[in-house]
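Good morning, colleagues. I would like to take a few minutes to walk through the structure on the next slide, beginning with a contact between a charge and a ring.

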Amino acid sequence: CRSCDQQNDGCRSLSLSGHVGVDSLPDQLVNKSIKQGFCFNILCIGETGIGKSTLIDSLFNTSFDDPVSTHFQPNVRLRAQTYELQESNVRLKLTIVSTVGFGDQIKKEESYQPIVDYIDAQFEAYLQEELKIKRSLHSYHDTRIHVCLYFISPTGHSLKSLDLLTMKSLDSKVNIIPIIGKADSVSKTELQKFKVKLMSELVSNGVQIYQFPTDDETVSEINAIMNGHLPFAVVGSTEEVKVENKMVKARQYPWGIVQVEDENHCDFVKLREMLICTNMEDLREQTHARHYELYRRCRLEEMGFRDTGPENKPVSLQEAYEAKRHEFYIEMQRKEEEMRQVFVQRVKEKEAILKEAEQEIQAKFEHLKRLHQEERLKLEKNRRVLEDEMAMFIKKKAAAELLQTQALVSTPVNFKKDKDRKK
Amino acid sequence: MSELVPEPRQKPAVPMKPMGINANLLGYIGIDTIIEQMRKKTMKTGFDFNIMVVGQSGLGKSTLVNTLFKSQVSRKSSGWNREEKIPKTVEIKAIGHVIEEGGVKMKLTVIDTPGFGDQINNENCWEPIEKYINEQYEKFLKEEVNIARKKRIPDTRVHCCLYFISPTGHSLRPLDLEFMKHLSKVVNIIPVIAKADTMTLEEKTEFKQRVRKELEVNGIEFYPQKEFDEDLEDKTENDKIRESMPFAVVGSDKEYQVNGKRVLGRKTPWGIIEVENLTHCEFALLRDFVIRTHLQDLKEVTHNIHYETYRAKRLNDNGGLPPMTVETEENHESNL
């Protein structure tokens, strides 16, 4: 038989005459997710010593070994650690980010900024991956913060102004679950009044905290009830104490034992239920579908992209890209032209200088040549004079010698005659 | 071992590389409830599946789709209407249906391609199909790239293409090879041997071997592609499936009484061919493969691999932008 219901954008509704197997689809999807593993990132914000690490240890039933920090941090830092947990066949990559030094400084105006920067940095990394040309989104390690546990000091009065400021700057970026830390220092009656005061302050200041979803019938009831118990007053402990023959996580005081997992003593079990067992998937989805999309939209608009161009015609991101690229290209060309001009100018100048230098050298050379020439002429003259003198001297010498030899020839005869005479 | 973010106020701080520390759990926490949470969410949102059937007329495409989804998906009744003309060009007809079973809602879109391979000159008759597939990728890309985008982008991309091979018993036709060569790179192709009741068991095995050999020689990777096997488990499972593909199927939407049970089958003078009987034909294998075990994987391969390839090519080719809009493509189609 054929049913002709027009629903879901005009699609016909088919009636099946046998088992097709479509009901195995959720299982197929779940099995793939199990194979890939899950990611969950928790951010804990709270003053030093309010019990963040202890609470996380209690929540996940293990000791994560965080070193205790001092109160003398100069500014707020964030410390992130990743753990791989496995329960039955589910593998979870859990990242815990804690603030270090929050609320310790004397001047606290800058305290929330590093936190905002960190959250934005995770969104930015995801956005960059998404915008890449060659991307690997399905194997990307998601570091975006899925939930923020904000620890409120158990003063019993109201929110601190730092708390309001921080939560206000974070409520549009992350799912905030406010909790009262070290709640065993507040008595039951005070606690009730405290909770009411806190919630009304949050509402009157317009802080949007995470509401457990109430649209799925199976969990809407319990979620609605839990929404009424916010903020959760928690006590954490990793030490075990024997109570009625059982070892339970508890804190031992002289006046009694505060059991962490006793719902009359604190809201720890409620927190664990809500955070992990009921709404972990919803937290992840809200982070991706709401907070990340908002960040992405703002960022792209900041970068200058619009969905609608002038005259309100829809402009795709790619067209905007092209326009920007064109602009950039023209700018580059202009700059290139400028640089070329400058270069040509410089070359000309250098050439002129070199030419001048060359001319100078040439002139010097000429001058030197002339000098040299003159010197040579002078020397030539002198030489000739000298040669002449030499020639004359030789002549005179020759003449003198001749005379001498002539004289010599004549005198020895005379000498002989003289000799003879003497005899 | 802790890693500290350097200065606060750095713009923007580099997200740190997490170092996994295996923590031992003492006692039950409830992390595995995330499976239930996820299952509930997916049941609420429902699934999309788009399947395309390609093959010459008369190969039993519509009947097979009806048999797969056990309902009258295509409005072709058993007698082929003589008034329906074979279209002059390849047309692409996409019809959407909603199936609900066991609380799970699925939006099924069957994309029919009448006119494929039916003309005298079948040159490039795969082009309209390739264009249609790329158009769906383009549509998705445009949506994804918007600044303010929808919570759930409507997925019209073709997740699976059933290609019908004529049961000649010899080998693949040139048209088959050409089509599969061009399209195995953009979409998951599952070849099926249609009207397999014309072959005996030996003929079937031989034909299948020959077809597989030819596909391998021509470098055609049909789904499940060897290169996308993620781990050893996948590989062994998929190897088994690849060895028995292409599935030789018989389709029917008529029921007959066999051994006291009503079964879907074809009645012939020499016996009733039971569609869901594994000794008669491999329809049950195909159905289990496509719907019950690998549907999600088909979608994931389409999204993570084929779509990403298209996107990377697109963004690279034009330095980040398309030269044409979807509107002009539609104009082209009507001119064909």
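Let me start in chain B, where B:R157 sits over the face of B:Y307, 4.9 Å from the centre of the ring. Please keep in mind throughout that this is a predicted model.

Over all chains, the count comes to 16 aromatic pairs. Let me take two of them in turn.

With ring centres 5.6 Å apart and planes at 85°, the pair counts as edge-to-face, because the angle is over 60 degrees. Is A:Y210 buried or exposed? Its relative accessibility is 4%, so A:Y210 counts as buried. A:F212 likewise counts as buried, because its relative accessibility is 2%; the cut-off for buried is under 20%.

Where in the fold does A:F212 lie? A:F212 is found in the loop of chain A that runs between α5 (188–204) and α6 (217–229). Beyond its neighbours within four places in sequence, A:F212 is in contact with A:I177, A:N223, A:M226, A:N227, A:L230, A:F232, A:M274 and A:N279. As for A:F102, which is 110 residues away from A:F212 along the chain, the two C-alpha atoms are separated by 27 Å.

The second example is in chain B. The rings of B:F116 and B:F179 have centres 5.1 Å apart and planes at 75°, so this pair, too, is edge-to-face. B:F116 lies in the loop between β5 (104–112) and α3 (127–145) of chain B, whereas B:F179 lies in helix α4 (residues 174–183) of that chain; the pair therefore ties together parts 63 residues apart in sequence. Both B:F116 and B:F179 are buried.

Let me now turn to chain B as a whole. Chain B has 9 helices and 11 strands, and 51% of its 336 residues count as buried. Among its contacts with a separation of 6 or more, 69% are between residues 24 or more positions apart. The chain exposes about 16,900 Å², of which carbon and sulfur atoms supply 52%.

How confident is the predictor here? For the complex, it gives an ipTM of 0.75 and a pTM of 0.73. Chain B averages a pLDDT of 79, and 82% of its residues score at least 70. Within chain B, confidence is highest in strand β6 (residues 160–165), at a mean of 92, and lowest in helix α9 (residues 326–335), at a mean of 38. Over residues 1–20 of chain B the pLDDT is below 50, although the model gives this stretch 39 contacts beyond near neighbours in sequence. For residues 320–336 of chain B, pLDDT stays under 50 and the model has 24 contacts beyond four places in sequence. Where pLDDT is low, the predicted coordinates should not be read in detail.

Finally, a word on an annotation. An unreviewed UniProt entry lists residues 340–389 of chain A as "coiled-coil region". In the model, that span is 100% helix and 0% strand, and its end C-alpha atoms lie 73 Å apart.

Thank you for your attention.

Notes. Residues numbered from 1 in each chain as written. Chains lettered and ligands numbered in written order. Predicted model: local features only at pLDDT ≥ 70, side-chain atom pairs only at ≥ 80, totals over all residues. Heavy atoms only, no water. UniProt positions renumbered as here; feature names shortened; annotations may be inferred. Helix = DSSP H or I, 4+ residues; strand = E, 2+ residues; numbered from the N terminus. Buried < 20%, exposed > 50% of the residue type's maximum accessible area, 1.4 Å probe, protein only. Contact = heavy atoms within 4.5 Å. pLDDT = per-residue confidence, 0-100. Phe/Tyr/Trp six-rings, centres within 6.5 Å; stacked < 30°, edge-to-face > 60°. Lys NZ or Arg CZ within 6 Å of the ring centre and 35° of its normal. Areas by Shrake-Rupley, 256 points an atom, 1.4 Å probe, with all protein chains shown as cover.
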